[in-house]
Amino acid sequence: MTENNSQDGRQRWQERYDEAERGGKLRDADFTTLSGVEVDPVYGPRDGESVPDMERIGWPGEFPFTRGLHASGYRGRRWTVRQFAGFGNAEQTNKRFQDILAGGGGGLSVAFDMPTLMGRDSDDPRSLGEVGHCGVAIDSAADMDVLFKDIPLDQVTTSMTISGPAVPIFCMYLVAAQRQGADLAKLDGTLQTDIYKEYIAQKEWLFTPEPHLRLIGDLMEYCVNEIPRYKPLSVSGYHIREAGSTAAQELAFTLADGFGYVELGKSRGLDVDKFAPGLSFFFDAHVDFFEEIAKFRAARRIWARWLRDVYGAKSTKAQQLRFHTQTAGVSLTAQQPDNNIVRTALEALSAVLGGTQSLHTNALDEVLALPSDRAAQIALRTQHVIAEETGVTNVADPLGGSWYVEALTDKIEEEAERIFERIKDLARLEVPSGEYPVGQMTSGILRGIEDGWFTGETADSAFIYQQAVEKGDKKVVGVNAHTATDADELEVLRISHQVELDQRDLLANRRAERDDAEVTKRLEALVEASKGTGNLVGPILEACRAEATLGEICGVLKQEWGEYREPARF
């Protein structure tokens, strides 16, 4: 790295920072230490200092974005405080949403119950005992009306964590927004939609991969053309990490999935510079503080390089990786649950130092049940303390240049690239001719799913870690270290069975009141459209407007496309 290049890099950063300041994009805030010491917006090599690989480290706001997406860091805009919430029925969750927004939350993130995640209605026999327990029950667009009552959807960003039946749920959200009088083009938020991670880790699919990929492609096209601010895909590593993967596996599997969706968009004839900015990511923040920071930094660098060099993205926005972070649920312990407050705070801090765009902090009792009001408020205030008191938002990428952090960033990147090569090997096994129908990474992912390669790799990593805990090599406070306690038993939130009974009655009443002939007509039109090649978002949207239920919409598509059964493996 030459002296001139180092000085040039700082000058480019300064120009971008000055532009942000002139544009009024910096917060009016105190950017001094607690002792009143003025700090610079960024730190880097001194003039004339030679730093090996400075081009890989870079400056905030420029390729390869190792140090963040914006020259101003969090001096411009802080991360969105986006607390994940959902339980019971739509009315109960709406109240929790109102509390989150009133308490300083910057956006909403919807948790759905298991029947909804599986595309089933609350009165489906397979839903028995599950309605409203791990999230909110949504059966039709009418439930969405209640869920977002008095919450202007064209003013509040909304994330929805659902993949298998994501498109029907999204269409119900659109119907609710229209009924509010919102301009759909102004809607902003994120839909998870990531079906690859369902086959890899979470196991909430409906069909075989191909019909799901068709729906995802349809959704990408629809959002690019109709709702450009809404992000139709949040490629999720969170569930992969929660299933037991290492940090490098979480990163590599997730980015590989993202590459697959880029290939899907390009196969549809979409311009990568237009649709790639609509892809976002969802990562886990685990308890190994520096490893997580390095993971986030490596993620941005890898994504930028691949989007530019492999997929031909020319625009800065298409090359930038944007991500939401949630603290690690799997790190929480039932033993000494108050310790979970500390774990969550450290994990949240690693996400902030890694440059996250939005953040959810887990509640101390989530290892046992859905969060109580008190636990949810502690989780929310954890973010507020980090943002308001610690000073970590004063300097962009404050750990940039640390020998340890930079070496760990490089190490995780190298391991991720090794995993990408293995996925390419799977692609060559799947398509020996090299004429990949969608793309090489897509073929490798599909072969890895079918062979159980992803689940096998994850299971091996989980087993190795669990052995280390049981041998005492890895310490978990309250579990195998410092186990003495005098804590009182924790009071947890319990969902009454009455919620399920009431939801089933409500669903029955709505079915009785709707126009059944119109519902049948719209479902038949959807089935007919599914036999062709046209975009299915429109027909699903019309079915939702007629108050067709989630189970009915998914049911007719299952009849047409069949269901997926994971092969048994031993």
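A residue is buried when its relative accessible area is under 20%, exposed when over 50%, and partly exposed in between (1.4 Å probe, protein chains only). By that rule, Phe 259 and Trp 303 are both buried. This is a predicted model: local features need pLDDT of at least 70, side-chain atom pairs count only at pLDDT 80 or more, and totals for chains, interfaces and linings use all residues. Residues are numbered from 1 along each chain as its sequence is written, and side-chain values use heavy atoms, with hydrogens and water left out.

**Aromatic pairs**

- A pair of aromatic rings is described by the distance of the centres and the angle of the planes.
- Rings of Phe, Tyr and Trp (its six-membered ring) pair if their centres lie within 6.5 Å; planes under 30 degrees apart count as stacked, over 60 as edge-to-face and the rest as tilted.
- The whole structure holds 30 aromatic pairs.
- One of them joins Tyr 199 and Tyr 564, and it is edge-to-face because the planes stand at 85°, with the centres 5.1 Å apart.
- This pair links distant parts of the chain, 365 residues apart: Tyr 199 sits in helix H7 (residues 196–202), Tyr 564 in the segment after helix H22 (550–561).
- Helices (H or I, at least four residues) and strands (E, at least two) are DSSP runs, numbered from the N terminus.
- Tyr 199 is buried, at 3% relative accessible area, and Tyr 564 is buried too, at 9%.
- Phe 259 and Trp 303 form a stacked pair, 5.4 Å centre to centre and 5° between the planes.
- Phe 259 belongs to helix H10 (residues 247–267) and Trp 303 to helix H12 (residues 289–309), so their pair ties together parts 44 residues apart in sequence.
- Phe 259 and Trp 303 are also members of a cluster linked by ring pairs, including Phe 281, Phe 296 and Phe 420.

**Helix H15**

- Helix H15 (residues 373–389) has 17 residues.
- The expected span of a helix is 1.5 Å times one less than its number of residues.
- After H15 comes Gly 391, with a positive phi near 80°.

**Ser 234**

- Ser 234 lies in strand E6 (residues 233–236).
- Ser 234 counts as buried because its relative accessibility is 6%.
- Contact means heavy atoms within 4.5 Å.
- Leaving out residues up to four places away in sequence, Ser 234 touches several residues, among them Thr 190, Asp 194 and Phe 281.
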